[in-house]
Amino acid sequence: MTQKTRPKPGGKDAKSKATLWWIVGGVVGLGLIVALAASIATEPEVDASIGFGDPTVEGDPLPVYAAGTQDVAIGLTAPTVTGADWEGNPVSIEPNGNSKIILFLAHWCPHCQNEVPVVQEWIDTGNLPEGVELISVVTATDRSRTNWPPQDWLEEEGWTSPSVMDDQIGTVAANYGMAGTPFYVVLDGENTNLGRISGEIGVEGLNALAALAQSG
Amino acid sequence: MSAQTILFFNNFFAILTVIALVGAVGLLVFRMVKGPEAATLLGDKAVWLAWVVALVATVGSLMYSELFHYVPCRLCWFQRIAMYPLAIVLLVGAIRREAAVKFYAIPIALVGLVISVYHNVLQFFPSLEGTSCDPLVPCSARSIEMFGFMDLPFMAGAGFIVIAVLLAFYTKAEE
């Protein structure tokens, strides 16, 4: 006659049973997490071209800007850009006799997110001089990054300046030698580069750029 | 990789992060309430759980860079340098049932945690590292934003915390 033996608490059988429960619990838990993650991942497929334009660029590119040094591109003619904003309205950066401040922005860049409201308030309070245009170039757009699409962000900020939407490879930014965002380029009426600067510059910096643009 | 797939994995890792953090806090509270006997709750499974956390974090970070094409920034690399060895060291320690694994793993996890904390602070205060964004891989820009605050460095930091807490329990169990 055989006698059944109870597994000792803490014995080999009990340990195997406990391990089995851990594995079963882990698999069930993982399944629940997957189900929950799938149920809230309900973003509809979107048009991948949103946030990009198809600008044309004519002229020699400016060399890449090196922060903290004298801009070697001062005096060079910046390329002419013909593009459009997010609604398809034509916007160009061309030698039309008006001085210009060109501002390159990336939607995911926290410094751009800080700078845009400062610039808009500066414009709203009448600081942009007569005869000087401020044109933004929306570049480095990336569907997978935060604060997308850029036009929603700019509209929320009440952005009033004309904007050129750069293409997927950042053609306009590359031709203007952008090294970081936000990135400013000041041009005279003939598209001659008067100076470039990268980073948040605030109201004081904007006043300095406006004065530089007027001098051109 | 479609945006829908990336969103699924963002959700998946975000939910895992929350559960792991809640679990770690629960363990600490349990330890405070129950005293040293709480250490027997997990026994030597604590080091296996810590290894699972390190493995999921390692696989997850590789998925983001190699499948979803998120280029890791400088600080992300430092956190990877801390997390990736843990996936190996903890496995070896778990298989060999070596209590000494804590002496190697906890310091690595704490170094990783310090970098994660700095990375999170930098994302809230980008001016700490200059005034402009590198157009390719800025440390100050968020790659994803889950539940309004959670980015990849937050998930990494949570992973380091959970690993350290689990290993602290493993230590107690061995004593």
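Q: In which sense do strand β7 (residues 183–187) of chain A and β8(A) pair, and over how many bridges?
A: The two strands, β7(A) and β8(A), pair in the antiparallel sense, over five bridges. This is a predicted model. Among the residue pairs, A:Y184 stands opposite A:I197 in β8(A), and A:L187 has A:N193 in β8(A) as its bridge partner.

Q: How many residues lie between β7(A) and β8(A) in the hairpin?
A: Five residues lie between β7(A) and β8(A). In that turn, A:N191 has a positive phi of about 70°.

Q: What is the order of the strands in the open sheet of five strands in chain A?
A: The order is β6-β5-β4-β7-β8 (chain A), and the pairing is mixed. The edge strands of this sheet are β6 (163–165) and β8 (193–198) of chain A, each of which pairs on one side only. On average, neighbouring strands in the sheet are turned by 20° against each other, direction ignored.

Q: Which strands does helix α5 (residues 202–215) of chain A lie across?
A: Helix α5 of chain A lies across β4 (99–105), β5 (132–138), β7 and β8 of chain A.

Q: What is the pairing in the open sheet of three strands in chain A?
A: The pairing is antiparallel, and the strand order is β1-β2-β3 (chain A). At the edges stand β1 (56–58) and β3 (90–93) of chain A; each has a single partner strand, so one side of each is left without a neighbour in the sheet. From one strand to the next, the twist averages 15°. β1(A) pairs with strand β2 (residues 80–84) of chain A in the antiparallel sense, over three bridges. One of the bridge pairs joins A:T56 to A:T82 in β2(A).

Q: How is chain A divided into domains?
A: Chain A is divided into domain 1 (12–40) and domain 2 (56–215). The centres of domain 1 and domain 2 of chain A, taken over C-alpha atoms, are 53 Å apart.

Q: Which backbone values deserve a second look?
A: Most residues other than glycine have a negative phi, and most peptide bonds are trans. The peptide bond from A:W148 to A:P149 is cis, with omega near 0°; A:P149 is in the loop between β5 and α3 (150–156) of chain A. A cis peptide bond also joins A:T181 and A:P182, with omega about -5°. A:P182 is in the loop between α4 (171–175) and β7 of chain A. In chain B, phi of B:H69 is positive, near 65°, in a residue other than glycine, and B:H69 lies in the loop between α2 and α3 of chain B.

Q: At what angle do helix α3 (residues 74–96) of chain B and helix α4 (residues 101–124) of chain B pack?
A: Two packed helices are described by the angle between their axes and the distance between the axes. For α3(B) and α4(B), the angle is about 160° and the axes are 9 Å apart. The two helices, α3(B) and α4(B), are therefore roughly antiparallel to each other. Their crossing is left-handed. Residues of α3(B) including B:L75, B:F78 and B:V89 meet residues of α4(B) including B:Y104, B:I108 and B:H119. By class, this contact has 15 nonpolar, five polar and no charged residues.

Q: How do the axes of helix α2 (residues 45–67) of chain B and α3(B) cross?
A: The axes of α2(B) and α3(B) come within 8 Å and cross at roughly 145°. This crossing is left-handed. The contact includes B:W48, B:W51 and B:L55 in α2(B), and B:R80, B:M83 and B:Y84 in α3(B). By class, the contact of α2(B) with α3(B) has 14 nonpolar, three polar and one charged residues.

Q: How many residues of chain B are in contact with chain A?
A: 26 residues of chain B are in contact with 28 residues of chain A. On the chain B side, helix α1 (residues 3–34) of chain B gives the most, with nine residues. The residues of the chain B side divide into 15 nonpolar, seven polar and four charged.

Notes. Residues numbered from 1 in each chain as written. Chains lettered and ligands numbered in written order. Predicted model: local features only at pLDDT ≥ 70, side-chain atom pairs only at ≥ 80, totals over all residues. Domains from an automatic or database assignment. Contact = placed C-beta atoms within 7 Å. Helix = DSSP H or I, 4+ residues; strand = E, 2+ residues; numbered from the N terminus. Nonpolar A, V, L, I, M, F, W, Y, C, P; charged D, E, K, R; others polar. Axes fitted to C-alpha atoms, helices over the stretch in contact; angles between N-to-C directions. Parallel < 35°, antiparallel > 145°, perpendicular 65-115°, else oblique. Left-handed = near helix turned anticlockwise from the far one by under 90°. Pairing = 2+ DSSP bridges.
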